[in-house]
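Colleague: I am new to this structure and would like to learn how to read its charged side chains and its strands. Could you take me through them slowly?

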Amino acid sequence: MEQSAEASNPPSVSSSASRTPTTQDASPPAAEQRRRIEGLSWADGTPVEASVVSVGDAVKRPDDEIADRAAHDLPEGEQLLGVLSDARPVVMRKGLPYTVDESGTYSLYWPDAKRDAATDDTSWSIHGDTVVATVRGGDGSSTTLMAYDDNGGIQEIRDFQKVSDSNSESLVLDSGKVYWSEADANAYRVASIPLTGGSKKVEAENAGAVYRTDQGIAVLKQEEPRSADKMNQIGGVRLLDGTELLRATDEFELGGFSGDPYSPRPIMKGGSSMSFNLDRGENSFDVAVLNFETKQAWLIEIPDGRIPFGQSTSGSYSFIAWSAEQMDELGALGNEAVALDAATGELFAFSPENNFENIFGNDKALAWSTKSGSGSVSFASEILK
């Protein structure tokens, strides 16, 4: 994949960019290994037992299962923001979101009338086909949330920071509402507000994260009372109507980032699958993937000394990349990734020419950005049939 760091050069596009994974074609599988995830059970109390799979077992997805492939060089100053439900990649360019088509043509995915509202102090995220911007005022005292898609136009919530807590986590959009998790000195909670404006509503107390699922909005239950030794202790996952999806006891521990109350959190961006990291000890990690619909689970063994990062779980797919070598610091780039289909249990490999920087996915597409040794950035995508 050729890359360019010159802002004046247009992106190069190939509809058949080849990928040569470093993982080999899988041999006939040995007897299935299963391992219980300690302290974790399904809603009915059945312990969660996971099938153990190695990233070395991942194979390249057959070409007849790929609807299209594309590769694009990004000029300096641009970055991949995510991918829409129809697989259009969204790129940040001149401070605004653009889509890029197969020919490399950029199209602004934001109303012209709102260009002035976007500043350097703007955070962007993608939720299905909706692009959300949180724009901080010049004095830092107020934040406006703006949400836009092709069909509904733009909606605004002014003074969003006054509605939400300044420590609010990632946003979730569902059925005309925006949900977020927030924290103060005493507790976590999940709150919401209609996109059309209105009053904030506290949806759940002692909830450390919020998710959009096929069954409705779900929250990550947080242990009560909150204390320093229970910052990362969770009690399970349940829907806002009280329906349990997953139970957790104090034997269950998330892996690898102890001491940070916000990271990691299990990842779930729509669908019925959730993923999270587990620490095997001695700088070794598993990535667990759970399917709430089928009550199936997998433990993906990451190579020893590598750190999983850049994960995205949406629909039935979980995408995981890992660091290229043993690192002293988190956030190192990696050059391999896998995608697990939690509907079938199939594990597929992705290996770009350069290092993974970010990974985004939904149930129709996978998009990733890579960085070369010189610092130039590209992104690629695969559209699934």
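Modeller: We can begin with Glu-253, which is found in the loop between strand E21 (244-248) and strand E22 (273-279), where strands are DSSP runs (E, at least two residues; helices are H or I, at least four) numbered from the N terminus. Please keep in mind that this is a predicted model, in which local features need pLDDT of at least 70, side-chain atom pairs count only at pLDDT 80 or more, and totals for chains, interfaces and linings use all residues. Residues are numbered from 1 along each chain as its sequence is written, and side-chain values use heavy atoms, with hydrogens and water left out.

Colleague: Is Glu-253 buried or exposed?

Modeller: Buried means under 20% relative accessible area, exposed over 50%, and partly exposed in between (1.4 Å probe, protein chains only). Glu-253 counts as exposed because its relative accessibility is 58%.

Colleague: Which residues gather with Glu-253 in a patch of negative charge?

Modeller: On the surface, Glu-253 gathers with Glu-38, Asp-250, Glu-251 and Asp-279 in that patch. Patches are made of residues with over 30% relative accessible area and no salt bridge, like charges being joined within 9 Å and nonpolar side chains (Val, Leu, Ile, Met, Phe, Trp, Tyr) within 5 Å.

Colleague: How many salt bridges does a search of the whole structure find?

Modeller: Side chains of opposite charge can pair when their charged atoms come close. A salt bridge is a side-chain nitrogen of Lys or Arg within 4 Å of a carboxyl oxygen of Asp or Glu, and the search finds 14 of them. One of them joins Lys-177 and Glu-203 (3.8 Å, N to O), linking distant parts of the chain, since Lys-177 lies in strand E15 (residues 177-183) and Glu-203 in strand E17 (residues 201-205), 26 residues apart. Lys-177 is partly exposed at 26% relative accessibility, whereas Glu-203 is buried at 18%.

Colleague: Which residues are linked in a network of salt bridges?

Modeller: Arg-35, Arg-280, Asp-286, Glu-301 and Asp-304 are linked in this way.

Colleague: In what sense does strand E24 pair with strand E3?

Modeller: Two strands pair if DSSP finds at least two bridges between them. Strand E24 (residues 296-301) pairs with strand E3 (residues 47-54) in the parallel sense over 4 bridges, with Ser-51 opposite Trp-298. Strand E23 (residues 285-291) runs antiparallel to E24 and is joined to E24 by 6 bridges, and Val-287 has Ile-300 as its bridge partner in E24.

Technical notes: Areas by Shrake-Rupley, 256 points an atom, 1.4 Å probe, with all protein chains shown as cover. Lys, Arg positive; Asp, Glu negative; His and termini not counted. Charge placed at Lys NZ, Arg CZ, Asp CG, Glu CD.
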